[in-house]
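Biologist: I would like to learn how to read a protein model. Could we go through it one feature at a time?

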Amino acid sequence: MPVTAIGAYEAQPLDRQANFNGLQLVYLCWEKHLMFCAPFTLPLPPSMVFGDFIEQVVKPSISPHPQALQVDFDAVQWRLNGQPFTPVLSASLIDNGIDHKSLLHLVTPGLDGIAGTCN
């Protein structure tokens with residue numbers, strides 16, 4: 001079906017970084033743990049150190065899941081925007097290449113959700 005333009009689209013998206021008072025949105029998905037049905041949307045300072053991100057944000061966010069305490073963060077595999085990623089724990093989010101609306105995937109080998117159901 002053909003589409004006919006009706007003019008210029010001039011709306012401004014409301015989720016621009018400028019609208020978050022110095023914070024940026026970071027999405028976090030814990031693979032094979034669909035008890036969390038969608039990635040977390042986290043407003044974070046770009047200057048947050050990645051190690052602090054794990055301790056202050058990731059661990060509390062996933063804590064309701066029964067397997068959360070079993071996560072070995074030394075063995076975690078990360079993907080950033082679909083690409084394999086090895087974070088520098090002492091570097092900031094932005095210095096790790098994590099910017100506004102980046103998607104981080106947390107992969108925990110050996111943990112496949114409740115009773116292996118990916119939930």
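**Pocket, core and salt bridges**

Modeller: We begin with a pocket. About 180 Å³ of space lies in the largest pocket. Keep in mind that this is a predicted model.

Biologist: Which residues lie nearest the centre of the largest pocket?

Modeller: A pocket is read through its lining. Here 13 residues line the largest pocket, and Ile54, Phe73, Asp74, Trp78 and Leu89 lie nearest its centre. Helix 1 (50-62) and strand 3 (77-80) are the elements that give two or more residues to this lining. Helix 1 gives the most, with 4 residues.

Biologist: How many residues of the lining are nonpolar, polar and charged?

Modeller: The lining of the largest pocket divides into 7 nonpolar, 3 polar and 3 charged residues.

Biologist: Next, the core. Which residues have the most contacts inside the largest nonpolar core?

Modeller: A nonpolar core is a set of buried residues joined through their side chains. The largest one in this model has 26 residues, and Phe50, Phe53, Phe73, Trp78 and Leu104 have the most contacts inside it. At least two residues of this core come from each of strand 1, strand 2, helix 1, strand 3 and strand 5. Helix 1 supplies the largest share, 6 residues.

Biologist: What does Phe50 touch, leaving out residues up to four places away in sequence?

Modeller: With those left out, Phe50 touches Trp78, Phe85, Pro87, Val88, Leu89, Ala91, Ser92, Leu93, Asn96, Ile98 and Leu104.

Biologist: Now the charged pairs. How many salt bridges are there?

Modeller: A salt bridge needs a side-chain nitrogen of Lys or Arg within 4 Å of a carboxyl oxygen of Asp or Glu. By that rule the count is 4. One of them pairs Arg79 with Glu31, where the closest N and O atoms are 2.4 Å apart. Arg79 is in strand 3 and Glu31 in the loop between strand 1 (24-30) and strand 2 (40-44), so this pair links distant parts of the chain, 48 residues apart.

Biologist: Is Arg79 buried, exposed or partly exposed?

Modeller: Buried means under 20% relative accessible area and exposed means over 50%. Arg79 has 26% relative accessibility, so Arg79 counts as partly exposed.

Biologist: Which parts of the chain does the salt bridge between Asp112 and Lys32 tie together?

Modeller: In that pair the closest N and O atoms are 3.6 Å apart. Asp112 lies in the segment after strand 5 (102-107), while Lys32 lies in the loop between strand 1 and strand 2, so the bridge ties together parts that are 80 residues apart in sequence. Asp112 is partly exposed at 30% relative accessible area, and Lys32 is partly exposed at 46%.

Biologist: How many residues apart are Lys59 and Glu55 in helix 1?

Modeller: Lys59 and Glu55 are 4 residues apart in helix 1, which means they are separated by about one helical turn. Their side chains meet in a salt bridge of 2.7 Å, N to O. Lys59 is partly exposed, with a relative accessible area of 32%, and Glu55 is partly exposed at 46%.

Biologist: To finish, a single residue. Where is Tyr27 found, and what is Tyr27 in contact with?

Modeller: Tyr27 is found in strand 1. Neighbours within four places in sequence aside, Tyr27 is in contact with Pro39, Phe40, Thr41, Lys101, Ser102, Leu103 and Leu104. Tyr27 has a relative accessible area of 23%, so it is partly exposed. The C-alpha atoms of Tyr27 and Ile98 are separated by 10.0 Å, and these two residues are 71 residues apart along the chain.

Terms used. Residues are numbered from 1 along each chain as its sequence is written. This is a predicted model: local features need pLDDT of at least 70, side-chain atom pairs count only at pLDDT 80 or more; totals for chains, interfaces and linings use all residues. Side-chain values use heavy atoms; hydrogens and water are left out. On a 1 Å grid over the protein atoms alone, a cavity is a set of points where a 1.4 Å probe fits but cannot get out, and a pocket is an open set with protein on both sides within 12 Å along at least five of seven lines; lining residues have an atom within 4 Å of a point. Grid points are joined across faces, edges and corners, and a volume is the space filled by probe spheres set on the points. Ala, Val, Leu, Ile, Met, Phe, Trp, Tyr, Cys and Pro count as nonpolar, Asp, Glu, Lys and Arg as charged, and the others, Gly among them, as polar. Buried means under 20% relative accessible area, exposed over 50%, partly exposed in between (1.4 Å probe, protein chains only). A nonpolar core is a set of buried Ala, Val, Leu, Ile, Met, Phe, Trp, Tyr and Cys residues joined through side-chain atoms within 4.5 Å. Contact means heavy atoms within 4.5 Å.
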